[in-house]
Amino acid sequence: MTFISPALRSETQDLAALRAPLSAAERLAALEIGRALVSGARARADERPYLDAFLQEFGLSNQEGIALMCLAEALLRIPDDETADRLIAEKLASGNWDSHAGRSDSLFVNASTWGLMLTGRLVELPDELRGNANGWLRSLTQRASEPLVRQALRRAMKIIGSEFVVGRDIEEALKRSSSDSSLALCSFDMLGEGARTDRDAQRYFDSYVDAIAQIGKSVSNRSPKTNDSLHERSSISIKLSALDPRYSAIHRERVIDRLIPRARDLARLAAAHDIGLTIDAEEQDRLEISLEIFAALVNDPDTRNWRGLGLAVQAYGRRAMAVIEHVTDLARSHRRPLTVRLVKGAYWDSEIKRAQERGLAEYPLYTRKCSTDVSYLACARALLEACDIIYPQFATHNAHTIAAVLGLARSRRDTSNAPVDFEFQRLHGMGTLLYDEARRQLSDLPRVRVYAPVGPHADLLAYLVRRLLENGANTSFVNRFMDERVPVEQVVSDPISEIDALTTVEHDRIPLPAGLYGASRRNSSGIDFGRRSSIDDLQRCLHDSPALPSPASRYVTPQAVESAFRAASAAFIDWRRRPVTARADILERAADLLEQSRDTFIALLAAEAGKTASDAVAEVRETIDFCRYYAKTARELQGSAVSLDGPTGERNELSHVPRGVWCCISPWNFPLAIFTGQVVAALVTGNTVIAKPAETTPEIALAMCDLLYRAGLPRDALHVLPMIGKEFGEVALRDRSLAGVVFTGSTRTAQWLNRTLASREGAILPLIAETGGINAMIVDSTALTEQVVDDVMSSAFGSAGQRCSALRVLCLQQDCADRILDMLEGAMETLVVGDPSELTTDVGPVITAAAARDLEQHIERMGQRGRLRKRTTIPATTGSVARDRFVAPALIEIDSVAELDREAFGPVLHVVRYRTEELPSLLEDLRANGYGLTLGIQTRLEGTQQALFEATLAGNVYVNRNMIGAVVGVQPFGGTGLSGTGPKAGGPHYLLRFTTERVLTVNTTATGGNAALLTLD
Ligand SMILES: Cc1cc2nc3c(=O)[nH]c(=O)nc-3n(C[C@H](O)[C@H](O)[C@H](O)COP(=O)(O)OP(=O)(O)OC[C@H]3O[C@@H](n4cnc5c(N)ncnc54)[C@H](O)[C@@H]3O)c2cc1C
């Protein structure tokens, strides 16, 4: 049985489809009980764990809370003292710590926060801190090298961290669980980021095996004779992302081959020990594939009699109810009891961002908290109704949710006249007081299991940050639960009434991804790579890639250039007279047409340029964005003349008019996006165009021109001339009607164009040149290794390294270099090199066999100077693309950036190490090569971010993310120095260069007198 995602609908429709989850009586009861729980807990505020008070005071709404979160996120992983000191100094100096003095009634926050920070114990503070925390901290941090501060803060972070973990390893965790009655019933979770390498995956798998065996042993030791049910024993939670580095819907076959067997082994082991195993819920685009894995486990005859297999379901996901129905059907059809943990979901903020970036048609999540709450209750009802075959586990720290679920269970019990077995779950370190209070007040509160993270401090950080975010979020229950300033009635309210009171269910400040840029420009739509149906469609379209004629068969003769210039000059007269709105309309129509013919262009990009599916999708989107963005900016620029202030009796107006016939010369690496970007920028401002696409990619350019003509562009306004660049240049750059040149390509050709233009007689013409770069990423030891590796992989090897923005030299602080390189090499091993018409391919061919040979020579040469650390392999068969066009990704360690004197335009990454004190000279070396295109920075130190930004020549600087894929209108793109002239493509000033300024001054008094002045009152 396969899960099929329901068709996309609006949130309003989704919510309407959820059955009213609670009756009127149940709603009233939930409010009453929930409020009683909060009041009861508030009355016992002094019993709450001190961390609660601490988190309430230092939340996300104040700078100090954010500073502490930054420290918590990074401090423990920094190996070197110097960097740790700088982070401490920066974060502590950024807050207004005095403002917290005396704010909390908690002894812990009020008096001992800093004691905890500085000594790791609750201590009395020096008097000066009580009065002047700011001054005292600053004086301390000015001497930040002082080991005391560093050690104390590290210890403090460990203390905060240890509040959320039960043990550094499973032995410690089990020991604690056996001696602490509040931890008697746990679901243990082995902490860690998702696997990036096969080695990681094996390590996580081993640690799960070990944990299951030990939990199993301890459970049977604890109750050898009692016949307690499986649900009364501790269990394990696993993350599928830990079991394979390529866990995604696209890599389905690999998932089936590798991940399912691993998950099955774990399930069998848990079954052998008769303990529960729950699969945690992760990102929404992994939902479908996770359900496929789950179904495979349900199907396993070896574990048929085991009742402990479970799945977590996120109520914030708009497919939650469909998932519950699917899992229930699965259980029934296999006659196999399953468990379902219902959560609201931990990744709301990042999922919203991701959906926006991907241009999804709808958010996969609800955008209002009350919608998630209602969804939760609707799912809870469905689970309780299926409790004969599903054992529901309600994970929440929200008093209203607890009360409402209990009400639903009571009703279920009354109607079915049968026992209803279920449990609540809470996270270790959270919800303690609430559930204690619930136990006191509610006789029918069922068992409460604790989700118990296990792992060393270094693995805790991502989890910790999630918890800090959860505790600090405005909408979160725990954030307001104990805050006496918020009335109980506000803390516990009825989500159904909240929905009823809304005019729109969709959040009015979270536009749909299509509306990200407001009313004036629609965002391009993307593909949901988590949906099987979209993936299958995309794969079909790639397999249907057309057979193309040889590029040379499309070439025109140099005579064609002359006649094209004549026709374009003649066409200029009419085209420039068209109102800018009419020209912009054509671009917008072209964008819409392109969106409709996306599949055709994706197939063409794969076939002609060797683009992988995700690169091709991104390129089509970028092209659509260019059309819409330039349409919008042209309307603003040329819609009306700018009237200028001046003396009375005179009208002064500045306008931007087109220049004439432009030559647009584009490269093969973005044969659609750069080609179109140049052409439509020139056209929309009223120029006519002679476009020369790259020698290797004429078909894509011709198809795009055809589309522009279909959108209404007059044929003579745009002439596409596929031919050899040099031959084109010789004729085109000498033509008398040429008005300007826009070029993207090599620095050498740009310089030739520049010289040739300079040698012309007559008017001096503008040249916009966008060229390459030797792009670096600088990483210090505050950066998160997994994030660095993800970003390096996409920046260096995405598009087979054939982007001008691609990462060429990775600069690693000595202290963290080995750790990062180790993971990077492991991640490289998982790269799929091969036929771009296969969706799973990460690295396709380079553009020609000659380019591949050139790259191989570079690798050999650099390898001789430095050290070839890693080379991946090319598969024996490479589909329809000749094998000699492939270059296996390479990682080469060199001693100095200065060794790189040219851009190696392919999947070749160089790495250098630096010591902190060498950073200035590293920057000097980077500047010395004269390029200034992109720079990546990975650091949590804002001071370093700013200093590097100021020091670099790079036109585009990316902090803590990858350094490719600039988005039109969001990250205008282009370099300085040898990397280009500007203005930036996709930026607000690009169109200006295609126009020339004119000023009209009219003496309005010439016809008599100054009427405007004389008629003033
Ligand atoms: C035992 C346990 C296991 C867990 N396992 C998982 C898991 O496998 N996967 C996972 O993702 N999470 C998991 N979580 C984390 C869980 O998702 C969060 O703790 C939970 O969302 C908090 O919900 P609440 O009812 O306690 O708090 P509440 O404060 O009532 O709810 C907060 C939640 O509401 C949602 N929300 C917030 N703002 C909005 C908005 N504007 N629109 C829509 N929704 C919004 C978010 O989900 C947010 O987390 C687990 C939690 C527990 C207790």
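Visitor: Why is Cys-370 called buried?
Guide: Cys-370 has 6% relative accessibility. Buried means under 20% relative accessible area, exposed over 50%, and partly exposed in between, with a 1.4 Å probe and protein chains only. So Cys-370 counts as buried. The model is predicted: local features need pLDDT of at least 70, side-chain atom pairs count only at pLDDT 80 or more, and totals for chains, interfaces and linings use all residues. Residues are numbered from 1 along each chain as its sequence is written, and side-chain values use heavy atoms, leaving out hydrogens and water.

Visitor: How do you know that the sulfur of Cys-370 is too far for a bond?
Guide: A disulfide needs two cysteine sulfur atoms within 2.5 Å. The closest cysteine sulfur, in Cys-379, is 15 Å away, so that is too far. The structure holds 0 disulfides.

Visitor: What makes Cys-186 and His-656 count as buried?
Guide: Cys-186 has 0% relative accessibility, so it counts as buried. His-656, at 12%, also counts as buried. His-656 lies in strand S10 (residues 650-658); strands are DSSP runs of E, at least two residues, and helices are runs of H or I, at least four, numbered from the N terminus. Contact means heavy atoms within 4.5 Å. Leaving out residues up to four places away in sequence, His-656 touches Leu-637, Gln-638, Leu-992, Thr-995, Thr-996 and Glu-997.

Visitor: What joins strand S16 to strand S17?
Guide: Strands pair if DSSP finds at least two bridges between them. S16 (residues 775-779) and S17 (residues 807-813) are joined by 5 bridges and run parallel. Ala-776 stands opposite Val-809 in S17.
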